[in-house]
Amino acid sequence: LSMAEQRIEFWVENETLRYRARMGAFNPQLKSFVTEHKQELIELLREKAGEPAVIAPLSYGQRSHWFLQQLRPTSSAYNIAFGLLFHELCNKAALNAALQQLVARHGALRTTYGLLSGEPIQCVVQIGSVTLHECANPKHDSETLRAEGAQFAAKPFDLSREQGFRAGLFEGAGGRQLLVLGIHHVGMDYWSLGILVEELLVLYQRANAGNALELPIPTYDYI
């Protein structure tokens with residue numbers, strides 16, 4: 001039973017649970033599941049401000065990471081991070097535009113995790129965004145910037161309330177700027193992070209040049 005594979009979207013409209021699906025996708029088995037857990041789905045979607053979302057069970061690997069996070073909710077052991085030091089002042093507007101496009105491309109960056117009838121599930125909203133955290137101190141050298149970036153990336157995620165993706169830009173002495181991406185391992189692995197970084201750099205270059213932020217449609221459903 002996978003509503004993600006069937007591409008079934010749910011949302012709440014006037015206290016009523018609505019859905020959108022391909023012809024024949026909403027089969028009797030799924031209909032029975034939704035009927036049984038209708039109120040739980042409504043409450044879950046209310047937490048997402050009623051936005052359309054795909055609700056799906058976790059993969060075996062995701063279940064392991066989610067379970068370990070529940071055992072140690074303040075742990076950052078499964079946070080993964082990437083840092084990029086700019087050698088010249090970056091275009092913040094272009095960077096922000098590139099980050100938003102990245103979130104729009106990949107559902108894993110728009111996902112929160114919770115429980116439905118006692119089973120862990122993922123909730124992928126169709127419209128998402130990421131706030132670029134900015135911190136500037138002209139007295140901070142490169143070493144201090146890296147320490148700040150590491151602390152930012154290591155902050156624990158509350159997977160039930162926030163997407164497992166954050167971005168921060170740290171600026172120090174001499175105009176040094178450090179971009180840090182922090183991601184929870186439940187959503188992606190290091191190989192996927194490499195794809196993410198490559199796309200971000202291409203999107204940033206295009207936004208900085210004033211070009212359209214277009215990339216080939218991903219050939220995979222998650223990264």
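This is a predicted model: local features need pLDDT of at least 70, side-chain atom pairs count only at pLDDT 80 or more; totals for chains, interfaces and linings use all residues.
**Entry 1: E134 and K92**

I started at E134, which counts as partly exposed at 45% relative accessibility. I then looked for what the E134 side chain meets, and found K92, in a salt bridge of 3.0 Å, N to O. The pair links distant parts of the chain, with E134 in strand β7 (residues 132-136) and K92 in helix α4 (residues 92-105), 42 residues apart. I checked K92 too: its relative accessible area is 33%, so I put K92 down as partly exposed.

**Entry 2: the other end of helix α4**

Next I followed helix α4 to R105. Which residue does R105 form a salt bridge with? I found E199, with the closest N and O atoms 3.0 Å apart. R105 lies in helix α4 and E199 in helix α6 (residues 190-208), so this pair ties together parts that are 94 residues apart in sequence.

Are these two buried or exposed? R105 has a relative accessible area of 16%, and buried means under 20%, so R105 is buried. E199 comes out at 10%, so E199 is buried as well.

**Entry 3: D158 and R161**

I moved on to D158, which forms a salt bridge with R161. Here the closest N and O atoms are 3.8 Å apart, and the cut-off for a salt bridge is within 4 Å, so the pair counts. D158 is partly exposed, at 34% relative accessibility. R161 has a relative accessible area of 72%, and exposed means over 50%, so R161 goes down as exposed.

I also looked for salt bridges that share partners: they join K92, E134 and E171 into one network. That took me back to the pair from my opening entry, K92 and E134.

How many salt bridges does a search of the whole structure find? I got 5. Among them are E134 with K92, R105 with E199 and D158 with R161.

**Entry 4: a nonpolar patch**

I found a patch of about 290 Å², made by F67, L68 and L71. I looked up the place of F67, which is in helix α3 (residues 60-71).

Technical notes
Residues are numbered from 1 along each chain as its sequence is written. Side-chain values use heavy atoms; hydrogens and water are left out. Patches are made of residues with over 30% relative accessible area and no salt bridge: like charges are joined within 9 Å, nonpolar side chains (Val, Leu, Ile, Met, Phe, Trp, Tyr) within 5 Å. Accessible areas come from the Shrake-Rupley method with a 1.4 Å probe; for residues, only the protein chains shown count as cover. Helices (H or I, at least four residues) and strands (E, at least two) are DSSP runs, numbered from the N terminus. Buried means under 20% relative accessible area, exposed over 50%, partly exposed in between (1.4 Å probe, protein chains only).
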